[in-house]
Amino acid sequence: MGQLHPQGHSGGTLGKTRPPVPQPGWEVMFGTMGTPWAVLVLAVALGGLWAPCAACKQPNFIVILADDVGWGDLGANWAETKETPHLDELAAEGTRFVDFHSAASTCSPSRASLLTGRLGARNGVTHNFAVTSVGGLPLNETTLAEVLRGAGYSTGAIGKWHLGHHGHHHPSFRGFDYYFGIPYSHDMGCTDTPGYNLPPCPPCPRHGSIARVVRKDCYMEVALPLFENTTIIQQPVNLSSLAERYAEEATRFIHRARDSGRPFFLYLALAHMHVPLGVPPSPLASGIYGASLSEMDALVGRIKRVADSHGKGNTLLWFTGDNGPWAQKCELAGRLGPFIGAWQQQRGGSSAKQTTWEGGHRVPALVYWPGHIPAKRTSCALLSALDIFPTLVALAGAALPPNRRFDGLDVSPVLFGWSDVGHKVLLHPNSGAAGKDGGIEALRLAQYKAFYTTGGAMACDGSIGPAEHHQPPLIFNLDRDIHEQEALDVASREYEEVLPAISRAYTQALEDIATDNVSVADYSKDPAVTPCCDPQHVACRCHAPGAHTALLDHRMEGRTTRLVCP
């Protein structure tokens with residue numbers, strides 16, 4: 001049977017100032033350091049690589065977050081995918097992580113965890129915020145942008161926010177010097193260019209009273225706004241040109257940062273591949289989804305070229321996704337690759353977005369930093385989007401916020417190819433399926449995956465798997481069963497041997513969270529906080545794009561699997 005306690009980390013790190021340190025398992029590379037001379041040599045070598053000195057130039061950071069992207073949506077991961085030449089080039093010139101996971105399997109919790117390094121059970125963001133949400137990511141939580149700005153970085157957020165738009169929850173008050181984007185998902189407001197959705201939604205009304213749409217899937221009363229900093233510059237936003245505008249604003253931000261002489265952090269949260277998908281100028285043979293995927297790929301390639309034009313090796317680019325595909329959108333949903341959650345599929349319901357099956361949270365991940373991160377490398381280290389926060393903080397020579405614990409790890413040694421050791425334990429919260437919002441319903445320990453609750457998410461055929469609570473838990477061995485098809489027999493020797501280790505890890509994780517400095521998000525709603533460019537017009541429509549703007553009212557409290565590792 002596989003080893004139950006691999007070298008690695010379980011999270012729950014107290015915030016404190018520290019440089020990156022050698023991790024367990026380094027003796028494999030350097031041998032047993034039994035002499036003072038060996039220790040001295042290693043100390044000098046590592047000191048030269050890691051020393052956070054004033055003379056060392058801080059790297060730039062670009063984090064590109066795709067929306068609802070599938071693990072199989074990259075050709076580098078899944079041979080049947082042909083629409084991602086730029087992302088595949090990024091993989092070839094950097095490192096590809098094939099066991100990388102979003103921190104949650106729906107929008108707001110996943111983004112909150114990326115920007116805080118903490119699960120929703122700690123940072124308070126356990127489910128999605130609404131158009132009328134008063135609150136957002138709790139103000140006592142420190143974002144990655146706030147830490148990096150304090151370390152001298154110019155910080156910019158472009159794209160989808162979905163962590164609160166009212167008052168000081170807006171990104172302009174969460175550490176970002178510049179913001180350009182939409183306050184929540186682009187299906188949470190009507191537009192004049194509605195694109196492709198299932199079921200389809202009509203464009204915004206233009207005159208007279210708003211036609212009531214019985215189906216709850218379509219937002220018709222308020223158009224989707226586009227912000228620049230705290231100003232609505234267009235409502236409804238033109239979805240057909242949004243990708244181009246994001247690319248243009250990202251390019252301008254990078255140029256401004258270069259001219260200022262400061263390092264920069266750009267958080268680029270794309271609308272792709274969330275529905276509604278845009279109307280492509282010339283659809284590909286692979287259909288609407290393939291055309292939209294190709295557009296996203298071209299956008300990422302463009303940002304990479306801009307970053308490289310300011311000096312290869314100066315910028316670390318990290319591409320990943322917020323969660324897996326939205327299965328109920330059928331042909332407009334992404335590709336799971338091999339992570340089909342067959343056990344759940346056999347019982348009905350989705351095994352992708354919102355769920356704790358691999359298809360819900362195992363996402364593509366590429367890291368590119370010429371001269372620092374090895375090219376043409378595939379890593380099977382168990383990593384998470386939670387790791388982005390502590391890793392970038394360490395590389396910037398900054399300190400983690402005090403008085404709280406982090407679920408993410410500084411995985412710099414893994415990025416640099418010095419180690420392939422990630423998390424020993426990784427927790428997976430419920431994100432809208434069965435179970436309590438934000439509750440830890442699944443756990444990964446080495447190759448083993450334990451489920452305490454399953455079901456509750458809708459599949460393409462409209463079925464919703466029955467909510468089932470498992471005690472003792474379902475346990476799968478992912479090394480043998482990547483499809484999550486057949487749980488271990490509870491009477492088997494393997495199950496009996498692994499269960500105690502899983503139970504200890506689960507209990508310890510819950511105790512660690514319960515004794516932490518835990519935040520509580522405000523999920524109250526008030527229609528008065530809905531972003532509205534001009535309340536005198538139908539759907540809050542502006543007189544003309546760019547001609548009428550309105551400041552936020554702050555007086556009111558916006559199928560071949562490429563998985564094999566070397």
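This report describes a predicted model, starting with the whole chain and moving on to a helix pair and a sheet.

## The chain as a whole

The chain contains 13 helices and 19 strands. It has 566 residues, and 60% of them count as buried.

## Helices 7 and 8

Helix 7 spans residues 242–260 and helix 8 spans residues 287–309; their axes come within 10 Å and cross at roughly 10 degrees. Because angles under 35 degrees count as roughly parallel, helix 7 is roughly parallel to helix 8.

On the helix 7 side, the contact involves Ala243, Glu244, Ala247, Glu248, Ala250, Thr251, Ile254 and His255. These meet Glu295, Leu299, Arg302, Ile303 and Val306 of helix 8. By type, the residues of this contact are seven nonpolar, two polar and four charged.

An open sheet is formed by four strands in the order 15-16-17-18, with antiparallel pairing. Strand 15 (425–429) and strand 18 (468–477) each have a single partner strand, so one side of each lacks a neighbour in the sheet. From one strand to the next, the twist averages 20 degrees.

Within the sheet, strand 16 (residues 440–445) and strand 17 (residues 448–454) run antiparallel and are joined by four bridges. Ala442 has Phe451 in strand 17 as its bridge partner.

Helix 13 (residues 493–514) packs on this sheet and touches strand 15, strand 16, strand 17 and strand 18. The direction of helix 13 makes about 120 degrees with that of strand 18.

Terms used. Residues numbered from 1 in each chain as written. Predicted model: local features only at pLDDT ≥ 70, side-chain atom pairs only at ≥ 80, totals over all residues. Heavy atoms only, no water. Axes fitted to C-alpha atoms, helices over the stretch in contact; angles between N-to-C directions. Helix = DSSP H or I, 4+ residues; strand = E, 2+ residues; numbered from the N terminus. Parallel < 35°, antiparallel > 145°, perpendicular 65-115°, else oblique. Contact = heavy atoms within 4.5 Å. Nonpolar A, V, L, I, M, F, W, Y, C, P; charged D, E, K, R; others polar. Buried < 20%, exposed > 50% of the residue type's maximum accessible area, 1.4 Å probe, protein only. Pairing = 2+ DSSP bridges.
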